[in-house]
Amino acid sequence: MSPADTSALAAVAGLLSCPECALALEPRDRALRCAHGHSFDIAKQGYVSLLTGASTKMTGDTAAMLDARAAFQGGGHFAPIAAATAQAIGPDAHASGTVLEVGAGTGYYLAGALDAAPSCTGIALDVAKPAARRCARAHARAASVLADAWRGLPVRDGTLRAVLSVFAPRNPAEVARVLAADGRFVVATPTDRHLHELIGPLGMVTIDPDKDRRLDAAMSGHFAAAERVLVEYAMQLTRADVANVVGMGPSAHHAVTEDPRIATLPDAVEVTASVLVATYLPA
């Protein structure tokens, strides 16, 4: 396998910070290095690992979960959610800056945001190596970084135009630190109606009905809510689509490889997508 293109990482390297000493990083050969001599090799797949110290307790998604997610997203079922998150980042397609997606997974939502903003660059951050490998090829302007957001974002203060979190864990204090004063934090979370037609029959993980209140509480002190948009629509799913939507989310950690209950579903199932896209501004 030939080494992957590193131009996306080179484009954002000046925004990244060394996880050892917090100095700025710069590209040299196939590595990112700081002035103190700390060096982080760029993997042949095109991502850079900024994970240091003891191994992280965050497990992230498995390769199988990411395969299921890519297949489901590739069917366009979540395209309205991607469009809404891109719109929330900002309507000016000519604006420049860098967008970071936390818990990027496949990089699908970041890629949609970059398509809508041709002058922007992107950083896809995830704690799982399979995700970092996949994100490295998600978009020509998206750099892939392996890091644990709960340990701190390896990004310099006040440098980002926007941060995006879709169905992913968040670290509001760190996001507030890395956002520019006029930046936006866009958070997409499922409502309790999301996939509700499948939750009972397939024993999927349920959505906490108190999720919105807990999100606002976590943001308090760091962000002020600016806008909320409900994205809700019906999806027509095949059994293969259902298997993918089960296999790509938190229910995959509790499910058997092939759930026999899926075979009892109709050939086509109408399933609700219901997601709240919230935009927060630095307080």
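**Close-up 1. Strands E2 and E3 pair up in the antiparallel sense in this predicted model.** Strand E2, residues 31-33, meets E3 over 3 bridges.

**Close-up 2. Step back, and the open sheet of 3 strands reads E1-E2-E3.** Its pairing is antiparallel. The edges go to strand E1 (26-28) and strand E3 (39-41); each has a single partner strand, so one side of each is left without a neighbour in the sheet. On average, neighbouring strands here are turned by 30° against each other, ignoring direction.

**Close-up 3. Here we're in and around strand E5, residues 97-102.** Of its 6 residues, 5 are buried, so the rest of the structure largely encloses this strand. E5 pairs with strand E6 (residues 120-126) in the parallel sense, over 6 bridges, and valine 99 has glycine 122 in E6 as its bridge partner. To get from E5 to E6, the chain goes through helix H4 (residues 108-116), making a right-handed β-α-β crossover. E5 also runs parallel to strand E8 (residues 160-166), joined to it by 3 bridges; glutamate 101 is partnered there with leucine 164.

**Close-up 4. Now for the largest nonpolar core, with 45 residues.** Those with the most contacts inside it are Phe78, Leu198, Leu202, Met235, Val242 and Val277. Setting aside residues up to four places away in sequence, phenylalanine 78 touches Phe72, Tyr108, Tyr109, Phe167, His194, Tyr233, Met235 and Met248.

**Close-up 5. A second, separate core has 36 residues.** Among them are Phe40, Ile42, Leu50 and Phe185.

Conventions: Residues are numbered from 1 along each chain as its sequence is written. This is a predicted model: local features need pLDDT of at least 70, side-chain atom pairs count only at pLDDT 80 or more; totals for chains, interfaces and linings use all residues. Side-chain values use heavy atoms; hydrogens and water are left out. Two strands pair if DSSP finds at least two bridges between them. Helices (H or I, at least four residues) and strands (E, at least two) are DSSP runs, numbered from the N terminus. Axes are lines fitted to C-alpha atoms, for helices over the stretch in contact, and angles run from 0 to 180 degrees between N-to-C directions. A nonpolar core is a set of buried Ala, Val, Leu, Ile, Met, Phe, Trp, Tyr and Cys residues joined through side-chain atoms within 4.5 Å. Buried means under 20% relative accessible area, exposed over 50%, partly exposed in between (1.4 Å probe, protein chains only). Contact means heavy atoms within 4.5 Å. A crossover is right-handed if, with the strands pointing away from the viewer, the path from the first strand over the helix to the second runs clockwise.
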